[in-house]
Amino acid sequence: MSTTAAHWRRMKDRYRLLGSKCETCGTTFFPATKVCSKCRRKGKTVPIEFSGKGRIFSYTIQHAAPRMFEQHTPSIIALVELDEGPKVLSQIVDCEHNELRIGMEVEACFRKLFEQDRGGIISYGFKFRPLDNSWTKYYEAKKE
Amino acid sequence: MPNKREVAIISAAATKCGEHWDKGIKDLAWEAGVKAVDEAGISGKDIEYLVVGNMSGGMFVGQEHIGALVADFLGLNPIPSLRVEAACASGGIAFSQGCLAVASGLYDIVAVGGVEKMTDVEPEQATSVLSGAMDFEWEAYFGATFPGLYALMAKRYMYEYNVKIETLANVAVKNHFHGSLNPLAHFRNRITVEEALISPMVADPLRKYDCSPVSDGAAVAILAPLEIAKKYTDTPIIVKASVPASDTLSLLKRRDICTIDATVYAANKAFQLAHMERKDIDAVEVHDCFTIAELLAIEDLGFCKKGEASKMVNEGQTYVGGKFPVNMDGGLKASGHPVGATGVKQIAELVKQLRGEAERGRQVNGAEVGLAHNVGGSGGTAVVTILSR
């Protein structure tokens, strides 16, 4: 699928949820941009690390997976609106399907995204889980 | 188009869409090409330029260099040929590029093709190939599929505009009905709302009957300046406008995930160039890769306000015979979605409609002006074309 370099160059953004912010107009971007689309040449963008807190803007439960995601199926895919403004696309974990709702508060967590074939590169990055600690209950329920 | 030559279609033809186990990419292109050339009454030698839309020959069948490949198999060497790609809008982009070539005055007779061979790979592989049309690093990488992205749009749309799931089912039922009357359609079966609502879930809220199929198919249109087209046909179809537009590739960067801004922009520009209004349109082919996309298209093209397409659908206005017929061929849902060919296949359908040659039951009576709408990815590209008799 892709080489070590392709994983490595996006590692910081995917591990720490890094984006950018325009110092001129205050707009935040994810993924990071080099130029502010509003201010263009007049803008000045700097890196910003997002808090990882946000709300579910929309979600779906995918029952058919692309290759390498078979073991995570069905999976919850969501657009999360971060508290700082931009949206990210990611999976929601540690959450029962019937508890999902638009507007639900979530926080970023660090997870395995996929394994490239058997023994291949393992890719990590952010996923999101419910903010209200209900995910601890989710785990306890799974233990029983 | 000011200061430029008026472009017309001499002929357009498409293959049947479906799982063509016995046909490869060359066979499909050849079949559509020969049909179009025969219908036009021209000789292959008259064609001066070839543009082919194809999304991913490389990943579907290991074949790139599609422009020269199709030129070769249609016997068009040594004319210039090229392949253009804009995901599922490759066909629409190819058509608009062909129009530019004629309008510019550089070429008189131009062939525009679209071809895709999708069923030689496993379904999971097809899903992965199609994922290439989204932002790979920030969408596909996190496990999103195309049904997943359109499901995100559908979920939010239903939430914001209080739209019921039955509305999506009604779109599928209507498109299967139209498809049942179209001999070129991938699916000829009619379905009921109940069947649609209990079909297997693909990406909540989208079920099997909300999704267009993986199809093989090809389509070809022959273009010429209007004056030259008149020598070949008594009913040239005039290209009033063919306008592509772009937007963010990823859904996460969209201004509004319930609106495809590229469609809004392309439609406004197309109507302006054509000097026409929405009410002038008699028949519409929209890009319903998923049922939700048909609702968004009707709204974003400007035929009703945001959130009101469901009313038109639920009242049956979008059937042939209704006030506002949409996807007379069955749409992508039933007639099939050979991605790179779809944009040209829509043109072939409109040409049929505007010439009054569509099959009984799905011909829009007296249709004079038609609109085709082709989308790439989740809305990164849109092409709007207005044709008139």
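**Core, domains and chain contact in a predicted model**

Student: Which residues have the most contacts inside the largest nonpolar core?

Tutor: A nonpolar core is a set of buried Ala, Val, Leu, Ile, Met, Phe, Trp, Tyr and Cys residues joined through C-beta atoms within 7 Å, where buried means 20 or more other C-beta atoms within 10 Å of the residue's own, exposed means 12 or fewer, partly exposed lies in between, and C-beta atoms are placed from the backbone. The largest such core has 175 residues, and those with the most contacts inside it are Val220(B) and Ala221(B).

Student: Which helix of chain B gives the most to this core?

Tutor: Helices (H or I, at least four residues) and strands (E, at least two) are DSSP runs, numbered from the N terminus. With nine residues, the element of chain B that gives the most to this core is helix H6 (residues 146–161).

Student: Why does this core lie between two domains of chain B?

Tutor: Domain bounds here come from an automatic or database domain assignment, and chain B is divided into domain 1 (7–122 + 215–236) and domain 2 (133–213 + 239–388). The core lies between them because residues are given to it by both domain 1 and domain 2 of chain B.

Student: How is the model to be read, and what is the mean pLDDT of chain B?

Tutor: This is a predicted model in which local features need pLDDT of at least 70 and side-chain atom pairs count only at pLDDT 80 or more, while totals for chains, interfaces and linings use all residues. Residues are numbered from 1 along each chain as its sequence is written, and chains are lettered from A and ligands numbered from 1 in the order in which they are written. The pLDDT is the predictor's confidence in each residue, from 0 to 100; in chain B, 99% of the residues reach 70 or more, and the mean is 97.

Student: How many residues of domain 1 of chain B are in contact with domain 2 of chain B?

Tutor: Two residues are in contact if their C-beta atoms, placed from the backbone, lie within 7 Å. The centres of the two domains of chain B, taken over C-alpha atoms, are separated by 23 Å. On the side of domain 2 of chain B, 33 residues take part, and the number from domain 1 of chain B is 38.

Student: Which helix gives the most to the side of domain 1 of chain B that touches domain 2 of chain B?

Tutor: Strand S1 (7–14), helix H4 (90–103), strand S4 (110–116) and S7 of chain B each supply at least two residues of that side. With eight residues, the one that gives the most is H4(B).

Student: Which element gives the most to the side of chain B that touches chain A?

Tutor: Across the two chains, 27 residues of chain B are in contact with 25 residues of chain A. Helix H5 (123–131), H6 and strand S5 (201–203) of chain B each give two or more residues to the side that touches chain A. With seven residues, the element that gives the most is H6(B).

Student: Is Pro213(B) buried, partly exposed or exposed?

Tutor: Pro213(B) lies in the loop between strand S6 (206–207) and strand S7 (217–225) of chain B. Leaving aside neighbours within four places in sequence, Pro213(B) is in contact with His186(B), Gly336(B) and His337(B). Because 19 other C-beta atoms lie within 10 Å, Pro213(B) is partly exposed.
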